[in-house]
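Please consult the sequence and the structure shown here alongside the text.

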Amino acid sequence: MQDLTPMEIVKELDRYIIGQDKAKKAVAIALRNRIRRQRLAEELREEVSPKNIIMIGPTGVGKTEIARRLSNLANVPFLKIEATKFTEVGYVGRDVESMVRDLAAMTVNLVKQDAMKKIEKEAMDMAEEKIMDILLPLPKTKKKKKSDEEGEDNAAQEMEKIQNSREKLRKKLKQGQLENRMIEIDTKDASMPMFEIFAGSGMEGLDMGLSDALSTMLPQKVKKRKVSIVEARRILINEESQKLIDMEDILKDAISRIENQGIIFLDELDKVVSTGSRTGGPDVSREGVQRDLLPIVEGTTVTTRYGPVRTNHILFIAAGTFHDAKPADMISELQGRFPVRVELSSLVREDFIQILTEPRNAIIKQYVALLGTEGVDLQFQEDAIYEIASLASIVNENTEDIGARRLHTIMEKVVENISFETPPRTGTVIIDAEYVRSMLNEIIKDKDLSRYIL
Ligand SMILES: Nc1ncnc2c1ncn2[C@@H]1O[C@H](COP(=O)(O)OP(=O)(O)O)[C@@H](O)[C@H]1O
Ligand SMILES: [Mg+2]
């Protein structure tokens, strides 16, 4: 994955996104540039900053989708955030740095899950051993009192008997025959409901390190709990996993991945840009957000609960319609940090036909597969697909252009009855243009109605 060339990246993106070649090319180059950067000698590596991108285009044409697919493809830390979030009422305290903290939390989690998967088998074995010890403990090897030959013999025999029973029991355990039996286990009661309250209140700054500090201050309570074996296994696997993984390594790995490979997708950037022509001076709050964003995009160190994270080499991909405000209306320092600008084009009927049928996750394929699970063989005739695409274009023109998003609402309407009647309905269902029209004509004719329904 790390080795994809720009052309290969575009080819991969082509499997999910129709058209928008310029945008694909730009993100492919940006991604490859980071791989190139990592190969540089250290001194130069520090100097090369990422070529951040602004994607300009109407809503629903694939901006978010391109960024999301790119991050999946490259398997790199990815965070999507709306720039407008920072203009909201009650913004005070919701500092812009929180996006780096969120990305850190996400990445640490992912890296941890990866690590957990690697030791899964081992943790499972250890958990099983613990359950066995509860179900049928081995006798404690007693200290020999005297040289009591007979006693020793008895003990050895006893041991062998227990071992045998244990193996039988273990077999049952493995076969899942004991799942509902209740056993008593020691659990460490580490989770503090209090933290959830803190975490939810938007006090990221406060939250940082606080819970860690508290959890070391408060003694970990060991509690005896009676649980089923199913539950016990889950708890014990979790506990054993924590012991097996090295949290320090995980944090180091996670932070290095964020710093060198992380992508932050900054949606609706245009909404924090005010048009130059407006009377009454600059829009303070919007420009304020840009000023807040600037250091992070330029490169700064953000303190997170997992350690300091440098943002110098995080790739920022911004997006927006830029209908009113233009990139040139941004504060100039920020403009300079987004050297790559690409435009995405508005989607037309021919694009819709392709979007409906071609991508790996194409909407038509999704419906066919969904109903296929219930024994319905859904078949869309070519004229039906043409009709759906045409109607989507028409509604976009007549009401509001929401791009490919329109296809979802229209498709839902088209298959509504079939979805409802299945089961008991089974067998082949053919959808042709006539059927599409019959499902949608009433709504399309009425502009107001389509505004609500489609
Ligand atoms: N060019 C395209 N090719 C395939 N699907 C698309 C395309 N543009 C949009 N879509 C689909 O439309 C929906 C919205 O796209 P999205 O990328 O979120 O739009 P936006 O440009 O507003 O960020 C997604 O489900 C996406 O799969
Ligand atoms: Mg979007």
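## Ligand shell and fold elements

The shell around ligand 1 draws at least three residues from each of domain 1 (6-111 + 257-343) and domain 3 (349-453), the domain bounds coming from an automatic or database domain assignment. The model is a predicted one, in which local features need pLDDT of at least 70 and side-chain atom pairs count only at pLDDT 80 or more, while totals for chains, interfaces and linings use all residues. Residues are numbered from 1 along each chain as its sequence is written, and chains are lettered from A and ligands numbered from 1 in the order in which they are written.

Ligand 1 is surrounded by 16 residues, the closest being Gly62, Lys63, Thr64, Glu65 and Ala404; a residue is near a molecule if its C-beta atom, placed from the backbone, lies within 6 Å of it. Helix α4 (residues 63-74) gives the most to this shell, with three residues. Helices (H or I, at least four residues) and strands (E, at least two) are DSSP runs, numbered from the N terminus.

Five strands form an open, parallel sheet in the order β2-β5-β8-β1-β9, where two strands pair if DSSP finds at least two bridges between them. Its edge strands, β2 (78-82) and β9 (340-343), each pair on one side only. Within the sheet, β1 (residues 53-56) and β8 (residues 315-320) pair in the parallel sense over four bridges, and isoleucine 54 has alanine 318 of β8 as its bridge partner.

Helix α4 also packs against helix α2 (residues 21-38), at an angle of about 35° and with the axes 11 Å apart. Axes are lines fitted to C-alpha atoms, for helices over the stretch in contact, and angles run from 0 to 180 degrees between N-to-C directions. Ala23, Lys24, Val27 and Leu31 of α2 make the contact with Ile66, Leu70 and Ala74 of α4; contact requires C-beta atoms, placed from the backbone, within 7 Å.

| Feature | Value | Loop |
|---|---|---|
| Peptide bond from proline 423 to proline 424, cis | omega near 15° | Proline 424: between α18 (405-421) and β11 (427-431) |
| Asparagine 75, positive phi | phi of about 50° | Asparagine 75: between α4 and β2 |

Most residues other than glycine have a negative phi, and most peptide bonds are trans.

Conventions. Two residues are in contact if their C-beta atoms, placed from the backbone, lie within 7 Å.
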